[in-house]
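Open the model in a viewer and keep the selection tool ready. The stops below are meant to be followed in order.

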Amino acid sequence: MQFNSLQFLIFFPVVVLLYFAIPKKIRYVWLLIASYYFYMCWNARYALLLLFSTAITYLSGIFISLANKKTQPARHDSGWKKLPVALSVISNLSVLFFFKYFEFFFYNVNSLFLRLGIELNHPEFDVLLPVGISFYTFQALGYTIDVYRNTIPAEKNFFRYALFVSFFPQLVAGPIERSKNLLTQIHEATHFQVENARYGLLTMAYGLILKIVIADRIALIIDPILSDFNDYKGMRSAVCIVLFAFQIYCDFHGYTQIAIGSARILGFHLQENFNAPYLATNVKDFWRRWHISLTSWFTDYLYIPLGGNRKGKARKYINTMIVFLCSGLWHGASWAYVIWGGLNGLYLIGYDLLSPLLQRLTTRLKIDTVSAGWKLFSGMITFLFIDYAWIYFRMKGLKDALRLQIKILREFHLPYLLSGDMLMMFQDYQTLLVLVLAFLFLFLTDYLHNKGIDWKEKILQQQLVWRWLTYFTMLFVILLFGVYGTGNEQTQFIYFQF
């Protein structure tokens, strides 16, 4: 069930109405039922995988809690505590490996053996990648580790914990919630509040604009070109990669906004997943702003346990590369994703190594690093590095990513950007105008967010006439400029495939 579908338009109001109509003590049970129904709309059988991950991590938490009582004071290195954690991690990652990485692993191992003259028999498995498996697996594993670290107590109520893992607004594409935030809220009886409903609906409307007005419109332009990039000028493909940077941002940020908004209506507060990432002035700043929940998950549960930056520069850089290579692999079973992650890891290492030199250079040249001009310049350089890495993310296949780069380099000709042939890729001037205005809207909202200004709260504080004018304007934009029609009614969010 897509957020941008008619099915969800019926499903969500029913869930909200019944949620606030039934007794408070059992509201979480209703949300659990609704969440499993939401997930089963894709493939009912894969709800068993969700249940398996839930049951394993729930039991792990219970056993860790019992081990804490046996080993007083509680110790992290107790074997009684390590065993359930290990079983939880191994079982969950094994399921994830089978469904997401087995084909990739077998192909690469077989390629290696073929060089030795040995061919392995390929076992046939007719399976599809379960939607959201990477997200809910990491969320559930985060809970197990939190209980192990005594960050939170083990949840005794299985159904409340099951809701934490399966909460439908953020189930299939995040944000990856921490147990200390969402599980704590599940224990508190939420009440219907008009303020929450107004803020939530406005947030959902903003998310729909990002998705169906901007991201889906960009997809209509760039997908045909990047699918057959050999038939087009290299500069067209270069522009498409730039546009893809905004497509994936608006697509994923749009999903997150709808998730946050729908949860807010129900009385739950989810964490923000983006903080104006394309206004970042360096790659380190970018990764503080992009996919915040995943970045912080890897930081807390992988980077820091590996030693973080506590064991010298060399170890810090090795840990950084491990985290980003794992992040690339988390996104997909392809060497292109691994290279994407590796490039971003190298960016961070390079930035850390060159920062002292850059600081001395700007001081000697008397450059005001807080000026708007310098921020614009460094922001553009940062964007170019990030956008180059997106090539591997978008093309998925390593060969296609390399061929696309060669074609762009061979046909790189800046004056082409002002040619009539270049403008033809936008189909018509109306589409180009809609995109320009949409980008201005995106920049304005991100700029305000970057300044710590909640523009949605500001709108809700205005007089009635201005509030409703804003509501109708956003509705008008969604209905008039959203991408609809055959094949576009339920355009899948990009991150659903991860």
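The tour goes from confidence to helices, then to salt bridges, backbone exceptions and a surface patch.

**Before selecting anything**

This is a predicted model, in which local features need pLDDT of at least 70 and side-chain atom pairs count only at pLDDT 80 or more, while totals for chains, interfaces and linings use all residues. Residues are numbered from 1 along each chain as its sequence is written, and side-chain values use heavy atoms, with hydrogens and water left out.

Colour the chain by pLDDT, the predictor's confidence in each residue, from 0 to 100. The chain has a mean pLDDT of 90, and 95% of its residues reach 70 or more. Select helix α16 (residues 420-423), where confidence is lowest at a mean of 80, then helix α6 (residues 158-166), where confidence is highest at 97. Where pLDDT is low, predicted coordinates should not be read in detail.

**Helices**

Helix labels follow DSSP runs numbered from the N terminus (helices are H or I with at least four residues, strands are E with at least two). The expected span of a helix is 1.5 Å times one less than its number of residues.

Select residues 133-148, which are helix α5. The 16 residues of α5 reach 23 Å from the first C-alpha to the last, close to the expected 22 Å. How many of the residues of α5 are buried? The count is 16 of 16, where buried means under 20% relative accessible area, exposed means over 50%, and partly exposed lies in between (1.4 Å probe, protein chains only).

Next, select residues 372-395, helix α14. Its 24 residues should span 34 Å, and the end C-alpha atoms are 34 Å apart, which agrees. Centre the view on Ala-389, where α14 has a kink of about 25 degrees; the bend at a residue is the angle between axes fitted to the seven residues ending there and the seven starting there. Lys-396 follows α14 and has a positive phi, near 65 degrees.

For a distance check, pick Met-40 in helix α2 (residues 27-40). Met-40 is partly exposed, at 38% relative accessibility. Its C-alpha atom is separated by 26 Å from that of Thr-203, 163 residues apart along the chain.

**Salt bridges**

Side chains of opposite charge can pair when their charged atoms come close. A salt bridge here is a side-chain nitrogen of Lys or Arg within 4 Å of a carboxyl oxygen of Asp or Glu. By this rule there are nine salt bridges.

- Show Arg-178 and Asp-300, which meet in a salt bridge with an N to O distance of 2.9 Å. Arg-178 is in the loop between α6 and α7 and Asp-300 is in helix α11 (residues 292-303), so the pair links distant parts of the chain, 122 residues apart. Arg-178 is buried at 19% relative accessibility, whereas Asp-300 is partly exposed at 25%.
- Show Asp-352 and Lys-313, whose closest N and O atoms are 3.1 Å apart in a salt bridge. Asp-352 lies in helix α13 (residues 335-364) and Lys-313 in helix α12 (residues 313-331), so the pair ties together parts 39 residues apart in sequence. Asp-352 is buried, at 18% relative accessibility.
- Show Lys-407 and Glu-411, a salt bridge with the closest N and O atoms 2.9 Å apart. Lys-407 is buried at 13% relative accessible area, and Glu-411 is partly exposed at 31%.
- Select Lys-211, Asp-216 and Asp-251 together: salt bridges link them in a network.

**Backbone exceptions**

Most residues other than glycine have a negative phi, and most peptide bonds are trans.

Where is the cis peptide bond? Select Gly-174 and Pro-175, which the cis bond joins with an omega of about 5 degrees. Pro-175 lies in the loop between α6 and α7.

Asn-150 is not a glycine, yet has a positive phi of about 65 degrees. Asn-150 sits in the loop between α5 and α6 and is partly exposed at 38% relative accessibility. Lys-366, also not a glycine, has a positive phi of about 55 degrees. Lys-366 belongs to the loop between α13 and α14 and is exposed at 77% relative accessibility.

**Surface patch**

Finish by showing the surface of Leu-464, Trp-468, Phe-472, Leu-475, Leu-479 and Tyr-484, a nonpolar patch with about 670 Å² of accessible area together. Patches are made of residues with over 30% relative accessible area and no salt bridge, joining like charges within 9 Å and nonpolar side chains (Val, Leu, Ile, Met, Phe, Trp, Tyr) within 5 Å. Accessible areas come from the Shrake-Rupley method with a 1.4 Å probe, and for residues only the protein chains shown count as cover.
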